[in-house]
Amino acid sequence: MRSASRLRLLKSLGGGKEDKAVGGGSLGSSSFVFFRRQTTPFKGFLSRSLRTTSNARDDDDDDDDVKNPLRRRGAHEEEGVVVGLEIHLQLTSLKTKLFSPGSVLRVDGGSASGSPVVHAFDRAEPGTLPSPVNEAAVQCALKLATALHATCEKVSEFDRKHYFYGDLPHGYQITQHRKPILTGGRINENVRVERVQLEMDTGKTLSSLSSSSSSEKSSNVVDLSRAGATLLEIVTKPDIRSEEHAVETVSDVIQMARYLEISDANMEDGSIRVDVNVSVRRRRNDPDSNDDDATTKSTSVSSERTEIKNLNSLRSIRNAIKYEKERHGRYLDGVVGAEKVERETRSWDEKLNKTIVLRSKESLLDYRFMREPDVLPIVLTDEEIELARNSVREMPKAALERLKNLGVSEEHAKFLSLHPSSVKYFDDIVSLCVIDASVFPSLSKEDVKSVANFVCVEIVGALRDAGVGTKGKPPFLGIESKTNLHPERVRDVLKSLRVHKTISGRMAKDVIKLLARNDSRSIDEILEQELGGSLIQNNNDSGKENPTKEKSIGSADEEGEQNLDATCQSVVQDLAEEREAIKKNPKVFGAFVGEVMKRTRGRADPKQVSATLRKLLDEY
Amino acid sequence: MTFSPPLSPPLRARGGVGVNCKKNNNNNAKKKKKKKKNFCRRFATASSNASSSSSSSSSSSSSEIDGTTKSVIKKIAQKLQSGELTSLRVTEMYLKRMKDSSLNCYASVNEEDALERAAEMDRERMNPERGEKKRSLLHGIPIAVKDNICTKNTYTTAGSKILREYRPDFDADVVKHLNKEGVVVLGKTNMDEFGMGSTTESSAYAPTSNPWDESRVPGGSSGGSAAAVAAQLCAASLGSDTGGSIRQPAAFCGTVGLKPSYGRVSRHGLLAYASSFDCIGPITSSVEDAAILMDVLCGNTGDDNNSNLDAKYFDSSNNNSSSSGSSSFTDAIVSKENLVDVAAPLKGKTFAVIKETFTGLDEKVSASVMESIELVESLGAKVHEVSCPTFLFGLPAYYILALSEASSNLARYDGIRFGAQDYLNMDLVDSIKSSRFEGFGAEVKRRILMGTYTLSEGYSDAYYKRAQEVRRLIYAEMTQHLQTYDGFLTPATSSLAYMKNENQEPLAMFTGDLMTVNVNLSGLPALVIRSKDSADENNTLLPSGIQIIGKKYGEAELLGVGHIIEMFSAERKLYKDAFPEASLF
């Protein structure tokens, strides 16, 4: 949308100027004339008011009337707030930056690729050139295309967008102004996407580090570790009609990014940042209507678009739009003392709970877009686009539906579908239970619901209890490495609870709590040592066959033992890297156990596996 | 728009360059004979030299060093190999000459480093264990590098105050290549600030003088590099060419200058002026030296992916076959005794002379170029006159595009992260303003402002986009002619070297680049070699050059042709303070 509106403006402007400036054959015979024939005063182009930065107002068929802030619209248009979003996703899944081998900074402050975080190019060191565009970043864009149902452009190009600021080392940002990589598509039913572009991130201005040292004048410090990282900017059409709608749309993008595993999309970390464009429409009876068309007595007017930059929480998005909606409304309604609404850039002040002017209409920047001469266009083949499409996993909405159909309650389905790692964790447990046919002879909706309950209530509770994970982060991400609650163990607990009935629901909770604290003992051991033995042994009221025999297939008979030995042997052989690593870090042992359990589909006795593995590894 | 530039008198007098030659075969043959006679008389000394020395060098394998060569690099290499000289001794001699010179060719020289490096190369050469290894011709040879090419830990200022203190922490790709061959980097040569100028007067430090007449400029922006080679203050040098910055000073100083095809040589480590034009190339005292350097410059470092990027920028279709520099440039250099047809070594070649280049051309330059064109014909080549209607569009298009890119490329010099950080104790906007206001010279500021203007909203359609169209047209026209012809022959400059302080009017200065900018617009390679010297009003002999424009990636062919022309040209005047050890060289 940006480029479309710009082009239109330039066309209407350029026509006349072109002739004046270089027309009439001046190029040939008197080659330099047009340098001198500068008809417009110099100042004119530095602060032009004609710029259209974005989208909230650019419905395709209306004319930009710059002078009149109240713009007439067709009477058919509805009243209310009109919002468009520019959503910047930082691709935290990448190892290196968009145009340099500099490493992406991880949230924990580490380097994602192991190399230095700030490369000479990221500092805009003279003589440095951009590396060819990061292939992985292009892949991320293609994945997003699938989720957004956007069109992948076969050829997309990079441009330089110029402005001076402390956090912009080159003096320009490399972005895709004229030919973005994706066009069209939609985020949800109501919000269409205009374009998606790849671009370089800027540095981060840290406010006044030296305020503590009183002698120095307060100075800003710029952290360049983010400079050059990859952003995917999603620009929506002005389809949003309320602040809640805007928040919903951003949430959808967050979820999408996480499912696609292209970005953590955490607002507090800055890995997703949002600019909003707001204007308000009012229907009004037009008393001084110039056109004699008596039939259209009521026309609609619209306020100038305001851009609010760098909103970094859903709450501030909501509040900023609400604030602007009211501010624009007051102005349109002619409230006495209402602030004039002009086309300008504002920022949201969390403390004051209001927006403040960042750049006024007069000082809007001219970005002087120029084709980036140091970067080749991205050229995609049909095969590449198709390949990326096939690599995309289930999207949040689809996952939600599937879970509900399986029998998961609405509440838990929503909870699980929030993050792909949660869906995967749940899916793994269910499928393990299905493979081990004894747990769920026929998987009923009730069964699934109870597993979901167990996961969403008991396990989440145990994790919280154990202090694993951080608030706001997906609860089951990395659960295998932090706790002993990997899906196999959970399956075992469920089996003890539901099939063998060796534990009660209460005891299951206790077992889970211990496992959450990384307890590596088997469930039987925990039963024996912590909970006073299994229910069956205690009550001794079961007339059934002894279920412990069934519990660890492979441990009872000779044949099984040989099988296990063979499996362990092959695992030790296959995991060559881990074999090296275990010499330095005994914890790596878990990887071997895990692999054996995986290959035996969880049927082997972990204790026996451990023993066998230890023996084998010692021999190595 | 019509073009009717008058043919210059000499061209007319000869009755047209190409047309008449075809008209009458008999006549033509006669003419040729006559010319040949002429040629023999004129070049009597040169050919007798050749015959006498050819006997001395019995083996004529191309890798061997023969006595006839004009290659300074080969001559020094020979003495180094034989043990007559050491790298240290050669370096000391150059450093001493530098100190005695009043030309101000160098922006910075790190004497200690150069001597240390030379001694190290000597040790390497003397080392019996490594002695057997085939060593590069460039091993231990002192070479100068233009000050806008990054050299690790040594000053790289691009002639600008704003980079006064700048010492990069990496070597440019080309410097890496040279170092690998064992080159001794003597110092950084003076230049117009950021390459913006054609006189080396816009250097923030002091201007450089022309070795042939110190009241004149050496040209620019690689004026320091060209003057240093002409005045024998280094064996060879590197320059950079954005709109003629290698070729114009090479012509003014009477040296050889090659602007390679865009993308042939890695730009990594070259301080960008106009990214889609910038090229690094050699400035040398002979065509053979240029070929020796090109062999090294075109290498691929492997740790930088950009070497081939520029090639793709122009035509992504066929860059693989042509740009992969497997062929050697020195292979294209054929010594006289190895020529297949000594009488007509350029037989079968056809060159085009662009009619428009003779519009408003200085008479002396015109005469000099005409002599070279006659020589080319006498060597068996056909020369035709063609018209390139787009030719005169090149200059304005070039300045719009180059300055637009410059305004962008120079945005990074905000005085915050590198270079002279004089104004950090202010708020951001004031700091950037002061740094740029004080740090940039007048010419650079003028060009940034013009580039800012041509890129600004509402104007970029009229200027920038239009200029891009013109660029495409020029590229199309030139490449179309090159399907018929092996190359273009044009003057390298439209006048002899300017007097210092002569051109204060910036736009008049721009016109001086008329001959060279189209080559940059079209990304083609071009070689400048010295043509006949002309005497000025004070009877001072001044050199001028002829430019041969070749096909994309046709540097090897260009160097081959250039070498032949150079071999059969008359001996040119030596620099007044030529090496007292000239017998050695």
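**Exercise 1. Locate His149(A) and decide whether it is buried or exposed.**

Solution. His149(A) sits in the loop between helix H3 (135-148) and strand S3 (151-152) of chain A. Helices (H or I, at least four residues) and strands (E, at least two) are DSSP runs, numbered from the N terminus. Next, take the relative accessible area: 63% for His149(A). Buried means under 20%, exposed over 50%, partly exposed in between (1.4 Å probe, protein chains only). His149(A) is therefore exposed. Last, check the backbone. Phi of His149(A) is near 55°, a positive value in a residue other than glycine. Most residues other than glycine have a negative phi.

This is a predicted model, in which local features need pLDDT of at least 70, side-chain atom pairs count only at pLDDT 80 or more, and totals for chains, interfaces and linings use all residues. Residues are numbered from 1 along each chain as its sequence is written, chains are lettered from A and ligands numbered from 1 in the order in which they are written, and side-chain values use heavy atoms, with hydrogens and water left out.

**Exercise 2. Describe the surroundings of Asp239(A).**

Solution. Start with the place: the loop between strand S11 (230-236) and helix H4 (243-259) of chain A holds Asp239(A). Its relative accessible area is 12%, so Asp239(A) is buried. Now list contacts (heavy atoms within 4.5 Å). Leaving out residues up to four places away in sequence, Asp239(A) touches Val83(A), Asn190(A), Val191(A), Arg192(A) and His245(A). With Arg192(A) there is a polar contact between side chains, at 2.7 Å. A polar contact is a pair of N or O atoms within 3.5 Å; within protein, one must be able to donate a hydrogen and the other to accept it, and residues adjacent in sequence count only if both atoms are side-chain atoms.

**Exercise 3. How do H5(B) and H6(B) pack, and which residues meet?**

Solution. Helix H5 (residues 72-82) and helix H6 (residues 87-100) of chain B pack at about 135°, with their axes 10 Å apart. Axes are lines fitted to C-alpha atoms, for helices over the stretch in contact, and angles run from 0 to 180 degrees between N-to-C directions. Angles under 35 degrees count as roughly parallel, over 145 as roughly antiparallel, 65 to 115 as roughly perpendicular and the rest as oblique. H5(B) and H6(B) are therefore oblique to each other. Now the residues. Val72(B), Ile76(B) and Leu80(B) in H5(B) meet Ser87(B), Val90(B) and Tyr94(B) in H6(B).
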